[in-house]
Amino acid sequence: MTLTIAPAPVRSSVRVNATQRRAFEVFTAGMGRWWLKTHKIGAVEMADTVVEPRVGGRWYEKGVDGTECEWGRVLAWEPPSRLVLAWQINGRWQFDPDLVTEVEIRFIPDGEDGTRVELEHRNIERFGAEADAARAAFDSPGGWPGLLGSFAAIFP
């Protein structure tokens with residue numbers, strides 16, 4: 001018997017000073033406000049990050065010149081509590097329609113006016129030989145923890 005150990009999912013969380021509904025809204029409809037502009041795959045400066053609000057909707061970046069670069073699809077759309085996105089960017093930071101890893105985001109009420117946002121990026125073994133490097137990037141200060149920190153900074 002041969003055991004294969006898959007890379008563990010990357011998990012990160014943050015508490016924001018917003019209601020569950022508002023946190024979900026800003027995370028999705030306002031992604032362009034908090035997503036770091038350096039985190040792009042397009043050839044030009046990024047103008048916006050878009051999540052189409054429905055299962056099957058696209059998740060992509062818009063360049064300042066109007067070009068669009070696909071990142072993935074919406075796999076689950078359950079406002080205001082849950083969102084699952086297909087991450088289809090490979091280890092060379094290019095869109096790959098044959099690669100599907102999942103990014104699940106849960107919005108959990110935390111007190112009267114707060115929400116705990118929990119993110120899990122899973123199926124990282126699907127990166128194949130690039131899995132360990134991809135996991136390290138996602139779990140680094142510039143990866144999901146940094147992006148969630150940027151998101152939390154929207155809420156004073």
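Reply: Helices (H or I, at least four residues) and strands (E, at least two) are DSSP runs, numbered from the N terminus. This is a predicted model, where local features need pLDDT of at least 70, side-chain atom pairs count only at pLDDT 80 or more, and totals for chains, interfaces and linings use all residues. Residues are numbered from 1 along each chain as its sequence is written, and side-chain values use heavy atoms, with hydrogens and water left out.

Me: By about how much of a helical turn are Arg135 and Asp139 separated?
Reply: Their side chains meet in a salt bridge (3.3 Å, N to O). A salt bridge is a side-chain nitrogen of Lys or Arg within 4 Å of a carboxyl oxygen of Asp or Glu. Because Arg135 and Asp139 are four residues apart in helix α3, the separation is about one helical turn.

Me: Are Arg82 and Glu104 buried or exposed?
Reply: Arg82 and Glu104 form a salt bridge, N to O 2.7 Å. Arg82 lies in strand β5 (residues 82-87) and Glu104 in strand β6 (residues 101-109), 22 residues apart. Buried means under 20% relative accessible area, exposed over 50%, partly exposed in between (1.4 Å probe, protein chains only). Both Arg82 and Glu104 are buried.

Me: Is Glu52 buried or exposed?
Reply: Glu52 forms a salt bridge with Arg54, with the closest N and O atoms 3.2 Å apart. Arg54 is partly exposed because its relative accessibility is 45%. At 16% relative accessibility, Glu52 counts as buried.

Me: How many salt bridges are there in the whole structure?
Reply: Some are linked in a network, with Arg11, Glu78 and Arg122 among its members. Arg82 and Glu104 belong to that network too. A search of the whole structure finds 16 salt bridges.
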